Amino acid sequence: MNLEQIKQGILAKFEKCRLVFWQDEDVEFLEQLSTLKSELDTSNIELIELDDTSHFEVKQRIELKEPKSNFLLYSNKPQSEPTRDWLYDIRLYAQQFYADSSSMILNELGMRMEFRQDINRYKKFFTNQQRYNKLKKLLPEKAEKQTLELAMIAVLAKVETLAFSALLHQLIRLYAEQPVKAEELINEFEKFDLAGVFWKMAVEEFGYLTLDIWTVNASRAEQSSGVAPSIKDLLAKLLITDCFHGIQSSGVAVQNYDFSSSLSSHLLPVNGNDESLASYPKDIRELLLNTASKRASVVNFVSSWRESRTLSESYNTVAVAIADELEIKNKLSEFKHPKDLIGVETFVEADQQLIKLLATDLPAFSAIEINEWVSKKLRGHWCSASSVKESKNYACILKALRAAKEFYDLKEKHIEGFLFDSAKNLYRAYEEELYKFDHAYRIFSENSIEISKNGSDILKATGLVEDIENLYVDWYLHDLAIAWGKLIDEENLLESWKLPGVHNQQDFFREEVRSVLNNTQVKRVFVIISDALRYEVAHDIHQQINDEKRFKSEIKSQLGVVPSYTQLGMGCLLPHKKLTAHLGSKPEYKADGLSVHGHDNRHKILEQHGGVAFKADEVLNWTNQEGREKVKEAQVVYIYHDEIDAIGDKQGTENQTFEAARDAVDEIKLLIGRIINRLNGSRVLITADHGFLFKMTDVTDSDKTALKSKPAGTTEAKKRYVIGSNLPSDSYYWKGKLTNTAGIDIEKGDDAEFIIPRGSNRFNFVGGAKFIHGGIMPQEICVPVLHVRELDSKGQTKHAKQKVSAVPLNNPVKIVSNIDRIQFLQTDPVGEKFKARELLIWIEDPGGKKVSSSERVLFESPSQNMEERKRNVQIKLEGSGFDRTVSYKLIMEDTDSKVRATHSVIIDIAFEDDFF
């Protein structure tokens, strides 16, 4: 160190105090004192050599005689004991200067001189100026030894956060890329004598301990046998401990299973009371105390790693590799109930086993259990991790299982069949509940199709697909068709196609559109007509809209025309006084003399009634200004949407019918938003020309009627209907007139007839298909009508579903272990008035410092039974030293609004628990 550096170091000390002690015990700078003295004179600093002067005289001079002068007090002898040192009290407030390299480093780092030996130990680290500069940026003022070592490791790891977790995250990234990269970084730590420091941090944080580095130095044989600590071993133990905890938190006495005995050596923390650790240094054994706190640290670390957006991919890579090596799939197979694994997020094999258990014995579990388990898993890691190829598959399986359970429960409710005393009552039952059979079947089938695209299909392997299909086709559709057909015959409905309290489809414009314009202040009505939008699909739109705040939806139905097919249904929805049929080479319908076929003709008809017609694609592509110009003169705007029928009514794409139904829901919601937000619409009606029937299995002979060929008088023949005149009659199909079932005027047109197969059958002379419409099954003729309107701020407040409330059952909450459960009550059921609430839950100390993990919890139970709305939430404390006399706070934060509720918490950890 040159003289100028020494001078600048001394001057820096005098900026803080007029008295500076310089202990030069190695007598490195005695010969330079005279030169330095003259240099310091120019700065009004006098150098006193303490070893040649009475310390008592020095004390008198610097404190009494010259109390404002600057003095550098030099000595090259060891400092005396405080009781023999006349200057000890002065040393306490004066500055200390050291001129050796270690001392200068400590000076620059703002650390105390007591760490000189530590700097000496790590001299190799400080030989590189780039490393040193990075360290200075990372290290806080007045750092302790542990912080210094952590910062040095952080520099080597290229981490900018001073935390052990950040170091481990970096090693995990490297390990996931290539295990050898993590090993190379550990070797880099070793190069600078910091590897032991890193592993000691692992002991302190997680209780991770191997047999060699804290006793006698490990031999090469021990290292090669895996006794030496390694990132691979640490990660395996972290994951096994987390998995073990997940099983335990599910309420399982895991110690009674082979899973525990076979993996017990992988559990953290190591038991500090184990006699085998007696040879370990005392400070290491002390680090192993507080096992519950360390176990909570393990679980918290693994959870945050798994949920991290930047690290989740590395988690998946590591978890899959470790599960394969330790045969986790085989070990988890001994758990035979889904609830045993509901708390396990560690390995995808836990989700696989849970799914297998559900799929093989679905009826054994209640709907509440299924809904709770599926909901939890759908929000879990392995169903939402985008980097896991199978995640969508797992989500589809779970959704299909939930839908299958709903179907089974509906069946149990209607096990006696569909016995109603009138067509009106059966129709109303379909409108209110029976449509849920079709909905559950659609959701199950849509997801099972998606699963089958990805190879292995557990739903088929367990017979669920076949069972649901058989129940839907051979029981539900079959029995519903018989019950409905019997009422049709008994009430001669085809001679007078009306039901009390239900509007007919041909009256749609008058009853729905014109009534809005005449009875409200609405100046413009938008009508979305979606081809083949059946009632149960429309119900999805209705529910999703009402879950939002700005809009309100009301749903009802209208009695669809027969035959229930596009040209007739579309024509009936247009404004008209007289609707006529004209039988030529094919049926043509006219509204007051104008053809209803084709978009341009429908536009012309609407123009006569102050309306216009557009296609959905046009509307979605308009700019705001363009759209407003297009509709500004219109009272009525019809928008024609075609997704379901366009896909379902073609043999090449009919298997995508249910996927098209889901897309239709999304597209119609998008249209509603465009209309209200961009076209200044305030009232939107959604309806359809007809519904549809669909089954997954291929058409067989039993699905067809005995009619072998087109009868004489046929004008048009399709799978579900024949239209013509002078058609034959028979017992296996119905015959009727369009004047009775569609309001066709026969004075100015033809008296058209139709025949339709009974039940859900098809005619034999037309190539059978899975997607059909045209008949009179409820799925075809219960045509939805939705009224959607925008709400003002007052209406939004009144209409908006309130989120359910959740409260802890005990107040104050008492926590008695580092990993404990808090029981909550969801105060209201999810339903018409309330919607689900997602909360982030954690505990803070009085100063606002977070002292636990954050748990994301969705309260979504629809149960009317309060007991079934209770649920336990596991909280994992972070750290130790909790005071039972302090009032901690339970924070419950709404994940959307960020509004918080707080409750008092007492943390009273009487003793450290262990796994057993």
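**Close-up 1. Strands β25 and β26 pair in the antiparallel sense over 5 bridges.** Two strands count as paired if DSSP finds at least two bridges between them. Helices (H or I, at least four residues) and strands (E, at least two) are DSSP runs, numbered from the N terminus. The model is predicted: local features need pLDDT of at least 70, side-chain atom pairs count only at pLDDT 80 or more, and totals for chains, interfaces and linings use all residues. Residue numbers start from 1 along each chain as its sequence is written, and side-chain values use heavy atoms, with hydrogens and water left out. R837 has F859 of β26 as its bridge partner. β25 also pairs with strand β28 (residues 888-894), again in the antiparallel sense, over 6 bridges. In that pairing I843 stands opposite L890 of β28. β25 is mostly covered, with 7 of its 8 residues buried. Buried means under 20% relative accessible area, exposed over 50%, and partly exposed in between (1.4 Å probe, protein chains only).

**Close-up 2. The second largest pocket holds about 1800 Å³ of space.** On a 1 Å grid over the protein atoms alone, a pocket is an open set of points with protein on both sides within 12 Å along at least five of seven lines, whereas a cavity is a set of points where a 1.4 Å probe fits but cannot get out; lining residues have an atom within 4 Å of a point. Grid points are joined across faces, edges and corners, and a volume is the space filled by probe spheres set on the points. The lining of the second largest pocket has 49 residues, and I342, E345, K376, E855 and R856 lie nearest the pocket centre. Among the elements that give two or more residues to this lining are α16 (291-307), α20 (367-378), β25 (837-844) and β26 (855-859). By class, the lining has 9 nonpolar, 21 polar and 19 charged residues. Ala, Val, Leu, Ile, Met, Phe, Trp, Tyr, Cys and Pro count as nonpolar, Asp, Glu, Lys and Arg as charged, and the others, Gly among them, as polar.

**Close-up 3. The largest cavity holds about 50 Å³ of space.** The count comes to 2 cavities of 30 Å³ or more. Lining the largest cavity are V619, W622, T623, N624, G627, R674, R678 and L679. Helices α31 (624-631) and α33 (657-678) each supply at least two residues of this lining. The lining divides into 3 nonpolar, 3 polar and 2 charged residues.

**Close-up 4. R442 and E536 meet in a salt bridge, at 2.8 Å from N to O.** A salt bridge is a side-chain nitrogen of Lys or Arg within 4 Å of a carboxyl oxygen of Asp or Glu. R442 counts as buried at 1% relative accessibility, and E536 is buried at 0%.

**Close-up 5. E325 forms a salt bridge with K232, the closest N and O atoms being 3.1 Å apart.** This pair links distant parts of the chain, with E325 in helix α17 (residues 312-325) and K232 in helix α13 (residues 231-249), 93 residues apart. K232 is partly exposed, at a relative accessible area of 39%. The structure holds 51 salt bridges.

**Close-up 6. E867 and K870 form a salt bridge, with the closest N and O atoms 2.8 Å apart.** E867 is exposed, at a relative accessible area of 51%, while K870 is partly exposed at 27%. Elsewhere, salt bridges that share partners join K392, E450, K453 and E659 into one network.

**Close-up 7. An open sheet of 6 strands runs in the order β6-β19-β12-β5-β11-β10, with mixed pairing.** The edge strands β6 (551-559) and β10 (611-615) each pair on one side only. Strands β5 (residues 525-530) and β12 (residues 683-687) run parallel and are joined by 4 bridges. I528 has I686 of β12 as its bridge partner.

**Close-up 8. An open sheet of 4 strands has the order β14-β15-β17-β16, with antiparallel pairing.** β14 (714-717) and β16 (733-737) are the edge strands, each pairing on one side only. Strand β15 (residues 722-724) and strand β17 (residues 753-757) run antiparallel, joined by 3 bridges. I723 stands opposite F754 in β17.
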